[in-house]
Structures are given as C-alpha cells and as structure tokens.
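Here is a short briefing to read alongside the model. Please keep the structure open as you go through the points.

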Amino acid sequence: MELILVIIVSAIAGMASVLDEAQFHRPLVACTMMGAVLGDMTTGIILGGTLEMMALGWMNVGAAMAPDSALASTVSTILVVVGHQSIGAGIALAVPLAAAGQVLTIFVRTITVFFQHLADKYAADGNARGIEMCHLGGLLLQGIRVAVPSVLVYMIAGTDTVNSLLNSIPEVITRGLQVSGGFIVVVGYAMVINMMNAPALMPYFFLGFLLAVFTDINLIGFGAIGLICAYFHIQGLERELNMQAAGGSHGGGIDDVDDSDLM
C-alpha cells in the first residue's frame with residue numbers, strides 16, 4: 001500500500017508540474033504529501049518548507065525550463081525518511097535532483113510533440129475524443145517521469161549499499177551544495193523582485209530585510225507585519241486615486257490615472 005501511495009503522490013506531482021494549477025508540484029506540498037505517505041509528515045513539512053524557499057524563483061520563462069521541483073521534492077523526501085538521511089543531506093541532494101528533473105522534463109516535452117501533431121490530425125477530422133486522449137497521454141508521461149525515479153529510489157533507499165554511498169560523499173561536497181542552494185534562494189528572490197518592477201514597494205523589502213537581520217521576529221510575525229503594511233499601502237493608493245478622481249472634474253478623471261501609479 002505504501003508503494004502504491006508513493007506512485008500516486010509522485011505521479012500527481014509530476015502532472016502538476018505542467019498543469020501549474022493545483023500547485024501539487026511545489027516542494028511544500030509535494031514533500032508534505034510524500035512525508036504523510038511514508039509516515040513522517042513532520043519531516044516532510046520541514047524539508048518542503050526549506051526547499052520551497054529555494055524553489056520560490058524557479059519558473060518557466062518562455063522556452064527556458066526551470067529546475068524541476070517535483071522530482072527534487074519526492075526523491076529527496078524518500079531519501080530523508082526512508083533512507084534515514086539528514087535534512088541537510090536532503091537539501092543538498094535536491095539541487096542535482098532538480099537539474100536531473102529539468103533534463104527529464106525537456107525529454108518528455110520533446111516526446112509530446114508527437115501528441116501535438118496527432119491532436120492536429122484529430123482536430124482536422126473533428127475527433128474531440130482523440131484530442132482529449134492526446135492531452136491525457138502527454139500528461140501521463142509527465143506523471144511517469146517523476147513516479148518511476150521515485151519508485152526506484154524508494155525500493156533501494158535504506159539499504160546498506162545506498163547508505164554507505166550517501167555517507168561516503170565528502171562533507172565539502174554536501175556543504176557546498178547546501179551553500180549553492182542558498183545562492184539559488186537569493187537569485188530566486190531577485191528574479192521575482194525584478195519581474196515585479198515595483199520601485200514603490202522596495203522600501204517594504206528593505207524594511208523586512210533590516211527587521212530580519214536586527215530582530216528575532218519569526219516568520220509568523222513577518223507575515224503579520226506584511227499584512228499590516230499591505231493594508232496601509234492599499235489605503236494610501238485608494239486615497240490617492242480618490243484625490244485624482246476629484247481633481248478630474250476640471251479636466252481628465254480617474255481614467256487618466258496611469259497604471260504605474262498603482263505600483
């Protein structure tokens with residue numbers, strides 16, 4: 001039963017990596033579900049929360065494929081829970097696993113080109129059922145892409161051979177991977193902030209940074225501070241828009257407010 005649940009959770013994470021709707025492929029969700037299946041949800045939540053910070057900026061931009069968080073989440077959780085590895089080791093292994101998942105998803109997406117041409121043929125024939133099957137076929141391949149490696153790791157994790165292999169990895173490598181994972185977090189945040197392109201919000205960013213460095217406020221406190229700042233920021237925008245709308249009676253109006261004013 002546990003093996004079947006591992007297959008189901010891994011397949012769901014793999015399919016969600018291309019659907020981007022339910023977000024089941026995100027580390028916080030995938031690691032938690034896998035941890036629950038393996039009987040250690042607490043470890044799954046801790047590992048998923050840490051990996052989520054790393055994968056926050058992982059996103060597909062145009063034809064550029066981001067590292068795969070689905071495979072990294074499921075396999076690293078199995079190695080930590082079943083293989084009795086440390087959280088730090090799971091985080092370190094998640095980086096190369098994400099790179100491997102990136103290669104696999106590119107390979108699978110290349111294969112699905114066949115389904116796209118087949119769907120065009122079905123569309124020309126007016127066969128809606130055939131088009132649906134093409135969609136499901138491509139989605140199933142994404143599920144298999146994550147399920148198969150996860151099952152293989154599950155079957156060999158915890159054995160003396162695997163444990164000795166993982167323990168033989170020099171600390172300089174595992175520590176280096178952890179540090180590089182920290183760099184990925186910074187780059188991810190930088191990508192998100194750069195894409196937002198909201199200079200008016202930067203004071204809040206620097207305020208949060210200073211509070212994190214010079215105080216002992218936990219994440220819950222930061223979340224509350226963020227909600228309060230967002231509330232007052234929105235109130236200020238509403239007052240500004242109302243003032244501009246009131247002045248519009250002399251020419252112009254609220255429609256003249258530039259979209260950049262909202263940021």
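Is Glu132 buried, partly exposed or exposed? With a relative accessible area of 42%, Glu132 is partly exposed, where buried means under 20%, exposed over 50% and partly exposed in between (1.4 Å probe, protein chains only). This is a predicted model, in which local features need pLDDT of at least 70, side-chain atom pairs count only at pLDDT 80 or more, and totals for chains, interfaces and linings use all residues. Residues are numbered from 1 along each chain as its sequence is written, and side-chain values use heavy atoms, with hydrogens and water left out.

**Salt bridges**

- The count comes to four salt bridges, each defined as a side-chain nitrogen of Lys or Arg within 4 Å of a carboxyl oxygen of Asp or Glu.
- Glu132 pairs with Arg129, and their closest N and O atoms are 3.5 Å apart. Both residues sit in helix H7 (residues 128–156), three residues apart, which means about one helical turn between them. Helices here are DSSP runs (H or I, at least four residues), numbered from the N terminus.
- Arg129 is exposed, at 56% relative accessible area.
- Another salt bridge joins Lys121 to Asp125 (3.5 Å, N to O). These two are four residues apart in helix H6 (residues 113–125), again about one helical turn. Lys121 is partly exposed at 49%, while Asp125 counts as exposed at 54%.
- Glu52 and Arg26 also meet in a salt bridge (2.9 Å, N to O). Glu52 lies in helix H3 (residues 41–54) and Arg26 in the loop between H1 and helix H2 (27–37), so this pair ties together parts 26 residues apart in sequence.

**Surface patch**

- Met1, Ile4, Leu5, Ile8, Ile12 and Phe24 make up a nonpolar surface patch with about 540 Å² of accessible area together. Patch members have over 30% relative accessible area and no salt bridge, and nonpolar side chains (Val, Leu, Ile, Met, Phe, Trp, Tyr) are joined within 5 Å. Areas come from the Shrake-Rupley method with a 1.4 Å probe.
- Ile8 belongs to helix H1 (residues 2–19) and is partly exposed at 41% relative accessibility.

**Cavity**

- The largest cavity has a volume of about 50 Å³. On a 1 Å grid over the protein atoms alone, a cavity is a set of points where a 1.4 Å probe fits but cannot get out, and lining residues have an atom within 4 Å of a point.
- Among the residues lining the largest cavity are Pro27, Trp58 and Ala94. H4 (69–81) and H3 each give two or more residues to this lining, and H4 gives the most, with three.

Key
Patches are made of residues with over 30% relative accessible area and no salt bridge: like charges are joined within 9 Å, nonpolar side chains (Val, Leu, Ile, Met, Phe, Trp, Tyr) within 5 Å. On a 1 Å grid over the protein atoms alone, a cavity is a set of points where a 1.4 Å probe fits but cannot get out, and a pocket is an open set with protein on both sides within 12 Å along at least five of seven lines; lining residues have an atom within 4 Å of a point. Grid points are joined across faces, edges and corners, and a volume is the space filled by probe spheres set on the points.
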